[in-house]
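Please open the model in your viewer and keep the selection panel at hand. The tour below moves from one selection to the next and says what is found at each stop.

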Amino acid sequence: MSGTSTDGIDAVVASVSGTARGLKAQLMAHVQYPWPKALRERILCACLHGTVAEICELNFLLGEHFARAALAVIQKAGLKPGEIAAIGSHGQTVHHLPRAKTPSTLQIAEPAVIAERTGITTVADFRVRDMAAGGQGAPLVPYVDWAIHADKKHPRILQNIGGIGNLTYLPPNARLDQVQAFDTGPGNMVMDAVVMALSSGRFTYDRGGSWAARGKVSEKLLSRLLRHPFLARKPPKTTGREEFGAPFVQSLLNAARELRLKDEDIIATATMFTAASIAQAYQKFIFPKISAKLIKDMQVILGGGGAKNPTLQNMLAELISPVTVLTQDDLGNSSAAKEALAFAILAHETLNHRPSNVPSATGAKRSVVLGKIVPGNSWKE
């Protein structure tokens, strides 16, 4: 998995058994494979300005890097490629247009390259089948959230904070058709871009939220940011770099300079923007539909890179108090490995011929089996 933050590949080895609510997954190894700086810049440029030739070449180049990451994590797990049943690869999103005249999405990192280099059957390109069925192709992790995290007593919001923020709401003892899920807006994407701009590229993110912690939130700039039309749009909805990428960040920085804000105040405001957009999503689209008792019993469980930012976590907890805010790590899981593990699970379901989109989340007309399968050396029907 390489997310919208485009900071690198997360690769896991997992033991997966069962299916649907009987599914069990055990994380065996996890590696983070950072993109080389020059390659990261090429990917970011390709997302908005890439030529056909550039994207064509990057598709195969990223496939080579994904294969290396897979082989590295297999070695870390103490296993050999022949002992792996399959690879599930999300790839790298370079463009996502769910509301275009012809809705479409594009993830690259050629799975044929991954299968050829590793010899392992590779399942990839998960989003397109959901879009073909009338959905937005995202979010796809809610199926995994439901299978693993639905609780008999507590309602839960699984809040991922990667490049983009997205939530999965699970009522107590939820059925799959009761799951709500959608993108809440920016996760780390805007914060990271602001840090890169203000540090002239020396830093790619605000480690531990320390820079934001020294600043003061500009209510004037925050109010302006929260007027972004995506935040008011009703689910199902997804977003990405197309709405919260470089043009949006440049507009934010221009407005901050007009207000004569200090660098730490700009980062504090960008961090609060992410927290407030998440809280606003709960208050607009989740809390009004459930009882006060369920809100009181609610557990919000953070995952993704944003779960490692205590300043962001504290801001969110204050905005949604008295709701309990936890992290995946508090439950004994890995926040950083969550999404890569999700695509291992989705690959497992695909190979078991089981649909794994959530139409109530994506807007698809029906449940469908996701992904395309590239056979490995030991492929069997």
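Two strands are said to pair if DSSP finds at least two bridges between them. Helices (H or I, at least four residues) and strands (E, at least two) are DSSP runs, numbered from the N terminus. This is a predicted model, in which local features need pLDDT of at least 70 and side-chain atom pairs count only at pLDDT 80 or more, while totals for chains, interfaces and linings use all residues. Residues are numbered from 1 along each chain as its sequence is written, and side-chain values use heavy atoms, with hydrogens and water left out.

**Stop 1: the five-stranded sheet**

Select β7 (156-161) together with strand β10 (residues 299-303), and you will see the two paired in the parallel sense over five bridges. Within this pair, Gln159 has Leu302 of β10 as its bridge partner. Now widen the selection to the open sheet of five strands, whose order is β9-β8-β7-β10-β11 and whose pairing is mixed. β9 and β11 (324-327) are the edge strands, and because each has a single partner strand, one side of each is left without a neighbour in the sheet. From one strand to the next the twist averages 20°, where axes are lines fitted to C-alpha atoms, for helices over the stretch in contact, and angles run from 0 to 180 degrees between N-to-C directions.

**Stop 2**

Next, colour the largest nonpolar core, which has 54 residues and in which Ile157, Val194, Leu252 and Val300 have the most contacts. Helix α12 (residues 263-285) gives the most to this core, with 13 residues. A nonpolar core here is a set of buried Ala, Val, Leu, Ile, Met, Phe, Trp, Tyr and Cys residues joined through side-chain atoms within 4.5 Å; buried means under 20% relative accessible area, exposed over 50%, and partly exposed in between (1.4 Å probe, protein chains only).

Centre on Leu252, which touches Val190, Val194, Leu221, Leu225 and Ile266 when residues up to four places away in sequence are not counted, a contact being heavy atoms within 4.5 Å. Apart from this core lies another, of 33 residues, among them Val123, Val144, Trp146 and Ala181.

**Stop 3: an enclosed helix**

Select helix α5 (residues 142-149), where Asp145 is found. Seven of the eight residues of α5 are buried, so the helix is largely enclosed by the rest of the structure. The buried residues are Pro142, Tyr143, Val144, Asp145, Trp146, Ala147 and His149, and they pack against β7, β8 (164-170), β9 (180-186) and α15 (338-351). Is Asp145 buried or exposed? Asp145 is buried, with a relative accessible area of 1%. Leaving aside neighbours within four places in sequence, Asp145 is in contact with Ala150, Leu158, Thr168, Leu170 and Lys338.

**Stop 4**

Ser5 sits in the segment before β1 (8-17) and is buried, with a relative accessible area of 8%. Show its surroundings, and you will find that Ser5 touches Arg40, Gly162, Gly163, Asn188, Asp192 and Arg241, not counting residues up to four places away in sequence. Gly8 lies in strand β1 and is likewise buried, at a relative accessible area of 5%.

Follow β1 onward to strand β2 (residues 24-34), to which 10 bridges join β1 in an antiparallel run. Ser17 stands opposite Lys24 in β2. In this hairpin, which has six residues between the strands, Gly18 takes a positive phi near 75°.

**Stop 5: the three-stranded sheet**

Finally, select the open sheet of three strands, which has the order β3-β6-β12 and mixed pairing. β3 (87-89) and β12 (372-374) stand at the edges, each with a single partner strand, so one side of each is left without a neighbour in the sheet. The twist here averages 25° from one strand to the next. β3 pairs with strand β6 (residues 122-124) in the parallel sense over three bridges, and Ser89 has Ala124 in β6 as its bridge partner.
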